[in-house]
Amino acid sequence: MALRGPAGLGPGSRGALDEAVAAAEGREAPALVATGATLEDDEEDDGRGRGLLRWDGFSAWLHCVCVVGFDLELGQAVEKDPAYFYGYVYFRQVRDKTLKRGYFQKSLVLISKLPYIHFFHTVLKQIAPEYFEKNEPYLEAACNDVDRWPAPVPGKTLHLPIMGVVMKVRIPTCYDKPGTTQIVQLTQQVDSHISVILPTVHEVDLFRCFCPVFLHSQMLWELVLLGEPIVVMAPSPSESSETVLALVNCISPLKYFSDFRPYFTIHDSEFKEYTTRTQAPPSVILGVTNPFFAKTLQHWPHIIRIGDLKPAGEIPKQVKVKKLKNLKTLDSKPGVYTSYKPYLNRDEEIIKQLQKGVQQKRPSEAQSVILRRYFLELTQSFIIPLERYVASLMPLQKSISPWKSPPQLRQFLPEEFMRTLEKTGPQLTSRIKGDWIGLYRHFLKSPNFDGWFKTRRKEMTQKLEALHLEALCEEDLLLWIQKHTEVEIVDLVLKLKNKLLQADREHLPVKPDTMEKLRTHIDAIILALPEDLQGILLKTGMT
């Protein structure tokens, strides 16, 4: 099971760990009975030629490892830092007649800032069963193995040993296409020491999750794209979390900017906010299992109720779209309960393709590839016109003057963008018909557009700053200082130093030789000034 949540107050709950400690089928409030290794203050050599503080390597992958026991008398007792964390849970329940409820219940939880869902679930499957047999010494040994792992650098293929098993993984980059793997699984030279090869560290089995609702997958894509409030009601925490993560991933490579909770419980601090009927539900995707939510979240506009997810090769009965007023009882049948009318016509081709795969018993992995490619092409067809229009907001390079502040981006004008769709809209790349204009108008009011445009605007502003630096480097600054006063020259030096500081601090896309050239210019200008000013400016840091 995967969990996600922020700690602290504000838009999040007390954290994924608080949710993890409620992750028992009985849903008792648990108590933390043991944690992973303690941080040390001493520095040691990690054997790779670099000095690291004890557990620095561990911290690159995991925030902490927790063992969560379930106690009817004790409440939740763990607080997290104010940031988002992902919790990966291995839950064990064993019959024990000596206990009050007749079962021994305990979870091993990995807490990390990395959304490597498939990877950490694989790690848990490797270490959790033996941990429950050998207890804390085994867990400490596993943590020591993690501490020796290289950092998860995007694009790198790594061999990660843990408790006698070596996993071969590739860390994804922001440029990877969804559903494509860069790791070579079949090579002529077999790596005899490799135990497990993971083609992906972060993607879920998309078709298995969408299988009960694949007839409505395009409608669900629209709901996620628009940041609509969605509740997934599932029979177990693992099915709840997998389905929520599949929904979030379906609009990739577009980032989902709203909140999502793969497993939401009545213990969460937002419980009251999300169940109140005095205000509209927020832009969140919730995964729940407690039957109590069938009543308390009945006012949410889009509810997906699923049955047990079938193993690979077994196809559950397809659920229907039903009106929300029909969701009245705790035993309501599986279905998509919503009054939403999709903007786009349903693509019958993808449905026929997936149905054919079901009839031919095509493996779930192959079905996932087909479905992921379909979602990718749909998202790209939607986002390309926006990318093209936003690129047109960029000022021409010839308008960038080294002696003026960088020009501003033009304002995003919704109606101007809409006019571009007639000739350069999604019809150029997508066969799907429908009200694309209406879908765009709705999207422009959503959190996903807001987050996407802020990211693009920041990238373009940084590009303008970088181009401005390059323009400064091409100027003959020694000729310029001959025509200006000492006060103006000192002002220029200070501004150039600030430019260098900004480039480093904001990681501007500036070529290394540009930075070096600018430093050379600064030094040359300072040396051309009187000695008293030279001393002052050489000592002046970048402020």
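Begin with the holes inside: the structure holds 3 cavities of 30 Å³ or more. A cavity here is a set of points, on a 1 Å grid over the protein atoms alone, where a 1.4 Å probe fits but cannot get out; lining residues have an atom within 4 Å of a point. Grid points are joined across faces, edges and corners, and the volume is the space filled by probe spheres set on the points.

Before you click further, a word on what you're looking at. This is a predicted model, where local features need pLDDT of at least 70 and side-chain atom pairs count only at pLDDT 80 or more, while totals for chains, interfaces and linings use all residues. Residues are numbered from 1 along each chain as its sequence is written, and side-chain values use heavy atoms, with hydrogens and water left out.

**Stop 1: the largest cavity**

Select Phe58, Leu62, Val65, Leu110, Val123, Ile127, Leu139, Ala142, Cys143, Val146 and Ile162, and you have the lining of the largest cavity. Its volume is about 50 Å³.

Helix 4 gives the most, with 4 residues. Helices (H or I, at least four residues) and strands (E, at least two) are DSSP runs, numbered from the N terminus.

**Stop 2: Tyr86**

Jump to strand 6 (residues 84-95) and pick out Tyr86. Tyr86 counts as buried because its relative accessibility is 12%; buried means under 20% relative accessible area, exposed over 50%, and partly exposed in between (1.4 Å probe, protein chains only).

**Stop 3**

Show Cys209, which is in no disulfide and has the sulfur of Cys211 as its nearest cysteine sulfur, 9.8 Å away. Seen from Cys211, the closest cysteine sulfur is in Cys209, and 9.8 Å is too far for a bond. Cys209 has 3% relative accessibility and so counts as buried, and Cys211, at 4%, counts as buried too.

**Stop 4: helix 13**

Select helix 13 (residues 436-443) and show its buried residues: Trp436, Gly438, Leu439, Tyr440 and Phe443. What do they pack against? Bring up helix 6 (217-225), helix 11 (364-391), helix 12 (414-424) and helix 14 (447-474).

**Stop 5: Gln534**

Move on to helix 18 (residues 531-539) and find Gln534. Is Gln534 buried or exposed? Its relative accessibility is 15%, so Gln534 counts as buried. A polar atom of the Gln534 side chain lies 2.7 Å from the backbone oxygen of Leu529, and the backbone oxygen of Leu527 is 3.1 Å from a polar atom of that side chain. Beyond its neighbours within four places in sequence, Gln534 is in contact (heavy atoms within 4.5 Å) with Ile526, Leu527 and Leu529.

**Zoom out**

Finally, show the whole protein chain: 18 helices and 16 strands, with buried residues making up 50% of its 543 residues.

Definitions and conventions: A polar contact is a pair of N or O atoms within 3.5 Å; within protein, one must be able to donate a hydrogen and the other to accept it, and residues adjacent in sequence count only if both atoms are side-chain atoms. A disulfide is a pair of cysteine sulfur atoms within 2.5 Å. On a 1 Å grid over the protein atoms alone, a cavity is a set of points where a 1.4 Å probe fits but cannot get out, and a pocket is an open set with protein on both sides within 12 Å along at least five of seven lines; lining residues have an atom within 4 Å of a point.
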